[in-house]
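Trainee: I have a protein model open, and I would like to learn how to read it. Could we go through it together, one question at a time?

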Amino acid sequence: MNADTIKGKWNQLKGEAKKQWGNLTDDDLLKVEGNRDKFVGVLQERYGQAKSKGDVEREVDTWNEQRKLW
């Protein structure tokens, strides 16, 4: 999937991401720009010590399996 396709899909999925992870802000989602690694990093920032990087990556991967973004 090319970068333009991912970015377009990401714009559609921002609302779903906010529902899934309520601590995310619009600014957080703008920073991500459809990049999985950035998304994982932002989630780690928002949830701090409550979730390990591995836990966050698994959550993102499970969420993505239903949407096929990355």
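**Reading the helices and a few residues**

Trainee: Where is Q44, and what is the separation of the C-alpha atoms of Q44 and V56?

Mentor: The place of Q44 is in helix α3. Along the chain, Q44 and V56 are 12 residues apart. Leaving aside neighbours within four places in sequence, Q44 is in contact with S52, K53 and V56. As for the C-alpha atoms of Q44 and V56, their separation is 6.9 Å.

Trainee: What is the mean pLDDT of the protein chain?

Mentor: Good thing to ask, since this is a predicted model. A pLDDT of 70 or more is reached by 99% of the residues. For the protein chain, the mean is 88.

Trainee: In which helix is confidence highest?

Mentor: Start from the other end: confidence is lowest in helix α1 (residues 3–20), with a mean of 86. The highest mean, 93, belongs to residues 26–32, and that is helix α2.

Trainee: How do α3 and α4 pack: what word describes their angle?

Mentor: Helix α3 (residues 36–47) and helix α4 (residues 53–67) have axes 10 Å apart and pack at about 125 degrees.

Trainee: Which handedness does the crossing have, and how many nonpolar residues are in the contact of α3 with α4?

Mentor: Where α3 passes α4, the crossing is right-handed. From α3 the contact takes R36, F39, V40, L43 and Q44, and from α4 it takes K53, V56, E57, V60, D61 and W63. By class, one of these residues is polar and four are charged, while the number of nonpolar ones is six.

Trainee: Is N64 buried or exposed?

Mentor: N64 lies in helix α4. Apart from neighbours within four places in sequence, N64 is in contact with L69 and W70. Its relative accessible area is 9%, and the cut-off is under 20%, so N64 is buried.

Trainee: And I6: buried or exposed?

Mentor: I6 lies in helix α1. The C-alpha atoms of I6 and D26, 20 residues apart along the chain, are separated by 18 Å. With 17% relative accessibility, and a cut-off of under 20%, I6 counts as buried.

Trainee: Where is E33 found, and which residues is E33 in contact with?

Mentor: E33 is found in the loop between α2 and α3, and a relative accessible area of 47% makes E33 partly exposed. Its C-alpha atom is separated by 8.3 Å from that of N11, 22 residues apart along the chain. Leaving aside neighbours within four places in sequence, the contacts of E33 are W10 and K38.

Trainee: What is the phi of E33?

Mentor: Most residues other than glycine have a negative phi. E33 is not a glycine, although its phi is positive. The value is about 50 degrees.

Terms used: Residues numbered from 1 in each chain as written. Predicted model: local features only at pLDDT ≥ 70, side-chain atom pairs only at ≥ 80, totals over all residues. Heavy atoms only, no water. pLDDT = per-residue confidence, 0-100. Helix = DSSP H or I, 4+ residues; strand = E, 2+ residues; numbered from the N terminus. Axes fitted to C-alpha atoms, helices over the stretch in contact; angles between N-to-C directions. Left-handed = near helix turned anticlockwise from the far one by under 90°. Contact = heavy atoms within 4.5 Å. Nonpolar A, V, L, I, M, F, W, Y, C, P; charged D, E, K, R; others polar. Buried < 20%, exposed > 50% of the residue type's maximum accessible area, 1.4 Å probe, protein only.
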